[in-house]
Amino acid sequence: MIYKEYRIFTVIEELDGLIDALNAAGRTDLIINDPRDAEQFIEGGETSYEWNFVDQSVLAELESGAWVSFYTGEKEVLSPQVRSIVRANDTKVTLTDDQDWLHKWEEYYVPRRIGQVTVAKPVWRDYEKKDGEIVIEIDPGLAFGTGSSPTTYLAVRLMEKYFRKGDEVLDVGCGTGILSVLAAKLGAAHVNAVDLDPEAVASTRRNIEINGCADRVDVHHGDLLADFDFTADAIAANLTAELVQRLAGAGLGAHCKGRGLLVASGIIDIKEDVTVEAIEKAGFKVLEILRDDCWTAVAAQLNDND
């Protein structure tokens, strides 16, 4: 399949603003080349995640300049907001195929610590597991969710803290399946993973096989609210603010049992208040909110059951 790559060039001082503008316009599927990442790796210091190792060619690319890219279908029409951003900046548009897409993932995706104990590792990289770590093998394919995004690692950190061994888990919008695999590795009795995107469903199935979790994870194609009546002790929903609000307002509580834990992520900061309000209006009590950059993740509980 043919895709378009939009690569938008900028300067470091304006990179964060460009990312925020694209996120606000609905493009969260970004590949970001930030020279500051190379500086952090070389000079050390605290970062949002741990660089276990990095290929020298990636460092060279990082140091080459600031840019952001995203992909669309060959005939996909950009939204007016995104089109305006593209036209206002120095943008290069090229056609690429699936294999080019996959190759770019392989260049930029390296093992990273994305939680207190969780490491996301691409299947084509070597990594020596340390005591106490949970290592998740990921083949991202054409679906997103490698663990490097704040929307994912914020969810991971809340799951590590609040999910319990023996939980029945529901992963809504499973993407590559990284949260489904984590739930299983945290000791979930069973996981139902749901996504509307057939490519995400295929990717999740592939990754649960890679991680040896297929006996505890079932993957379903469809809309949770329209097609399924699953219930769970704990729900992971790494979506968007709008989708979290829709789930909360359309009866997400009916899919809860036991303590009814919810970990919701993918919430852009400008929509945090209205999304938290929707979660609370649905009967959930907020336990904790994590923030990183312009993103928010929420842990909330429906019932007082232990």
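These exercises on aromatic rings and a helix pair use a predicted model.

**Exercise 1.** Find how many aromatic pairs the whole structure holds, and classify the pair formed by Tyr6 and Phe70.

Solution. 
- A search of the whole structure gives two aromatic pairs.
- Now place the residues. Tyr6 belongs to strand β1 (residues 2–10) and Phe70 to strand β4 (residues 66–73), so the pair ties together parts 64 residues apart in sequence.
- Tyr6 and Phe70 are both buried.

**Exercise 2.** Describe the aromatic pair of Phe228 and Phe230, and state whether these residues are buried or exposed.

Solution. 
- The centre-to-centre distance is 5.0 Å, with 10° between the planes.
- Phe228 and Phe230 are therefore stacked, by the cut-off of under 30 degrees.
- Phe228 is buried, and Phe230 is buried too.

**Exercise 3.** Locate Arg7 relative to the ring of Trp67.

Solution. 
- Arg7 sits over the face of Trp67.
- The distance to the ring centre is 3.6 Å.

**Exercise 4.** Work out how helices α10 and α11 pack.

Solution. 
- Helix α10 spans residues 241–249, and helix α11 spans residues 272–281.
- Their axes come within 8 Å and cross at roughly 20°.
- Angles under 35 degrees count as roughly parallel, so α10 and α11 are roughly parallel to each other.
- The crossing is left-handed.
- Finally, list the contacts. From α10, Ala241, Val244, Gln245 and Ala248 meet Val274, Thr275, Ala278 and Ile279 of α11.

Technical notes. Residues numbered from 1 in each chain as written. Predicted model: local features only at pLDDT ≥ 70, side-chain atom pairs only at ≥ 80, totals over all residues. Heavy atoms only, no water. Phe/Tyr/Trp six-rings, centres within 6.5 Å; stacked < 30°, edge-to-face > 60°. Helix = DSSP H or I, 4+ residues; strand = E, 2+ residues; numbered from the N terminus. Buried < 20%, exposed > 50% of the residue type's maximum accessible area, 1.4 Å probe, protein only. Lys NZ or Arg CZ within 6 Å of the ring centre and 35° of its normal. Axes fitted to C-alpha atoms, helices over the stretch in contact; angles between N-to-C directions. Parallel < 35°, antiparallel > 145°, perpendicular 65-115°, else oblique. Left-handed = near helix turned anticlockwise from the far one by under 90°. Contact = heavy atoms within 4.5 Å.
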